[in-house]
Structures are given as structure tokens and as C-alpha cells.
Amino acid sequence: MKKRVLSLGLALVLLCGLFAQTALALGVQAEKAKAVQWATAHPQTAGLGDVLARYSLGISGVSIPAESAAGTVTALASNILLRLVADKSVGQLAYDLAMKQLPNGSFGDGLTDTVYAVLALNKTLPARFDFEKAQAWIAAQQLADGGFAYSGSTGDIDMTAMALLVYEGDNTGKAINFLQRQMTANGGYISPWSPKKEENACSVATVITGLLACGAVVDDKMIANMLSFQLADGSFCYQLSDKTTDAFATQQCLLALGELSAQESVYTRIPAAELPLYRDWPSIAVWARSGVTTCFETALMVGDNRLNYNPMQNFNKAELAVIISKFLPENAPATDPGLKDVAPGAWYYTHVCRAIAAGVLSGSGGLFRPDVAVTREEVAYALTKQLSLAPGPKKPDDIGLANPAYVDAITAVMAENLMVGDGKTFRPKELITRQEVATVFAKLYD
């Protein structure tokens, strides 16, 4: 998971002592032992909640239930977290999940989808989703009272605690303040839907989990309140008036109890399995992977909408214009060249305008031919024009195959070690692949 940096606002909240840490003084370890004994004696139920509760307690041999249909965001995220707990391959699931991020930064209409998606992707593909946009979307859901809601304009205890699992920044302190204001004199919480309007185990456990996840400490009253729901056999009831084991309350409290014992969020303890940048990474040549990574990190080349890089795909003129454009100054003009096949609205339009205005690329016969694959000599010529390179002293053995207009450019890029061929030949007429382009242009960042 991404390293959390406490904001000044949150640090002040903690310094004020809203949640003073005295977990060990309350005998959490002893209560944990009772919970472990109960969990060991009772069979697992299906679902992520029960698995995480047992994992949080440090119980070994936790079995992983059959995965749910992975069509929804929450199902995908749950399956990923289950596989991580079991130290199993995540496979393609993380790529499928990363593709579900919407333009607004969220992973769906509800907060739950986005929270679980961020939890899963932080452990697997942190570079392949927009964490900052997800944070901005979460911040936009925060209400005036500092809380988060299922619906409406009033903050909800459980939803606010859930947001804290992944929420960062200055407004985290506002969410913690909201939870502090909702806390009863006993250190507990009363949810609006509680049948008897009593404090309940689920809400206080969820708040504890959220506070630990965001780096806050927990008030001793909250810990005592949660433990008051523990029954003699180690399980938990939902409300004190019930005095019977409640499956969901037990899951929530066992998870929180394990976290209090470890003084660390269970999501931090789940092992990461960070995946390659692209779904088709194994098909990228080993010699090209460094260049592909550099081009991704600099947003020069980012692959397709399936998170594939397509390393052996030929590189076309429109794609070359995009790269050339990205190396130009931000204020470089984008004058319309008046070419028939470069129309406003095309994904490459502005880049082609900039590259032509800079004199690096050009059209012919009123056409740019954006979809035509480019050759190695054409890339060499574009590089030489953009970088104003001087001809080099050495010509490759196959220079006679090159277009005479490109000979100086070929010797220039060879002299600069940008494109060298096999040392003897340059292969000027050969179409250039995406992985070769990445290797060439990544050198400009050295």
C-alpha cells in the first residue's frame, strides 16, 4: 500500500489526544486469545470478511473460499485480496480491475467500490491506476460535517470509517473529527438503522479499523466498548441486549481485535504482489523492458486500453507525431497544416500540428498518412531534425539501401548511440516496432 504521510491537520488532531493509545493496558492480547480459540473451534464461512478476520488474528491455515463471479468491481477486488492472502497468483484480475477506473477517478457510483479497488490495486498495480484522481473523487464525496454517507447529506459512521481505509490528505482530520463527535460517552457508536437504537459492535469495530488504517491511534474507551460485546466463548454479539453470537459482528470485531494486537491495519499486512506494467509484459523483449518502463513513467507511451503494450506492433506516423510533440516545449505552436487526413477531433490532431509546425515531420500531396507504419530511417530523420544532430563519421554497411535524404540522419543517430542497428548494418527500410521505439526514445531521458 502506498506510504501514508500525515497532513499537518491530521497531526494536530492526533496531538490533541482525541484517540489516546492504551490498547495493551486493556488486555487486548488476552481477549485476542479468546477470539482465536473461538475462531479455531468454528468452521469458516464463505467470504472475504471471515478470511480477513482470521488472517488479522494470525490464524494459520486459513482456507480461501470459491471466488465470486468477477464481473463487478467489488467482486474483482475481493478476489484479488483473497488470492494475496493465500499467496496465490493474481493473474489477470488486477488488470481487469484497473481498467474499470472511470474518468472521474472512481470505480463506480458508490464509495465501497472505489475503496476496495484502491486497496486491491495498491497491492498489485499501483502504477496502473490513477491514485490521485481516486483520492480527488473520494474527497468530493466528503460532506460538510466531515463524514461520508450512503446517501443524503448527513455523514454515516460506517461509511466514514470505510473511507479512512484509503483516504489521505488534509481532510482526513475532518473525517476523524466527525467520528469523534459521533462517539457516545461509552466510546461506542449508534447507527441510524440499529433496531433498538443501541450501540453496536460492528460500528465501533469498523471505526477502529479505519483509524488504524489511516495512521491514527485509538481511544481506550473505544476498545473497551468493542470488548464489551465479546461473549464468554470469544465471539461477539451485535447489541448488548442480544447476548447471542452475530456472524457479521464477530467478523468485524475479530478483524479489529487482530489489528489492535498488531497495531497495524490488516491491509498493510497482506503481502503485495506488484505486477508488471503491462498485461503482455512476457512478450516484451528483455532488452526493451527498461525503455518501455521509462516511456511509461514519462507518459511517452502508455499502451492500449486493455493495458497491453503490443511490443511487436509496427509504429505509425501518428504515433511518431505524438512522441515528437511531447518533447516539444509546452508553448510550441499547433498550427493546422491543412492536410486532408488530419482533422480536428482526431486523437493525434494537435500532436501532428505541433510536429509539423516545428519542422520535424511533414505531409505530402496534401496528406499526412497517419496510419502508415514508419521505417527505421524515417525515425532517424525525425530524431535528427528534432535534436539538430550533426552527421556522424561512420556509415553502416547497408547505407546504400537508405533514402539519400536520410543518410546524414542515419549517421547522426548512430554517432549519438540512439539507433545503432547490429553494429554493421542499420536496416533503414525495416519497419520499426513499438518496443524498438521505446528503447530509442528512452535514451533521451538518460
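User: Where is the place of Asp87?

Analyst: Asp87 is in the loop between helix 4 (73–85) and helix 5 (93–98). Helices here are DSSP runs of H or I, at least four residues long, numbered from the N terminus. This is a predicted model, in which local features need pLDDT of at least 70, side-chain atom pairs count only at pLDDT 80 or more, and totals for chains, interfaces and linings use all residues. Residues are numbered from 1 along each chain as its sequence is written, and side-chain values use heavy atoms, with hydrogens and water left out.

User: What phi does Asp87 take?

Analyst: Phi is near 55°. That is a positive value in a residue other than glycine. Ala299 also has a positive phi, about 60°, and is not a glycine. Ala299 sits in the loop between helix 14 (289–297) and helix 15 (317–327). At 39% relative accessibility, Ala299 counts as partly exposed.

User: What makes Arg434 buried or exposed?

Analyst: Arg434 has 8% relative accessibility, so it counts as buried. Its place is in helix 19 (residues 434–442).

User: Which residues does Arg434 touch?

Analyst: Leaving out residues up to four places away in sequence, the list is Met301, Gly303, Tyr309, Asn310, Pro311, Gln313, Phe315 and Glu319. Contact means heavy atoms within 4.5 Å. Glu319 is 115 residues away along the chain, yet the two C-alpha atoms are separated by 9.6 Å.

User: What does the side chain of Arg434 reach?

Analyst: The backbone oxygen of Tyr309, at 2.7 Å. A polar contact is a pair of N or O atoms within 3.5 Å; within protein, one must be able to donate a hydrogen and the other to accept it, and residues adjacent in sequence count only if both atoms are side-chain atoms.

User: How many residues line the largest pocket, and which lie nearest its centre?

Analyst: The lining has 26 residues, with Tyr116, Met162, Thr206, Phe248 and Gln252 nearest the centre. A pocket is an open set of points on a 1 Å grid over the protein atoms alone, where a 1.4 Å probe fits, with protein on both sides within 12 Å along at least five of seven lines; lining residues have an atom within 4 Å of a point. Helix 10 gives the most to this lining, with six residues.

User: What makes helix 10 mostly covered?

Analyst: Of its 13 residues, 13 are buried.

User: What is found at the start of helix 10?

Analyst: A side-chain oxygen of Asn200 comes to within 3.1 Å of the backbone nitrogen of Cys202. Just after the helix, Gly215 takes a positive phi of about 90°.

Note on methods: Helices (H or I, at least four residues) and strands (E, at least two) are DSSP runs, numbered from the N terminus. Buried means under 20% relative accessible area, exposed over 50%, partly exposed in between (1.4 Å probe, protein chains only).
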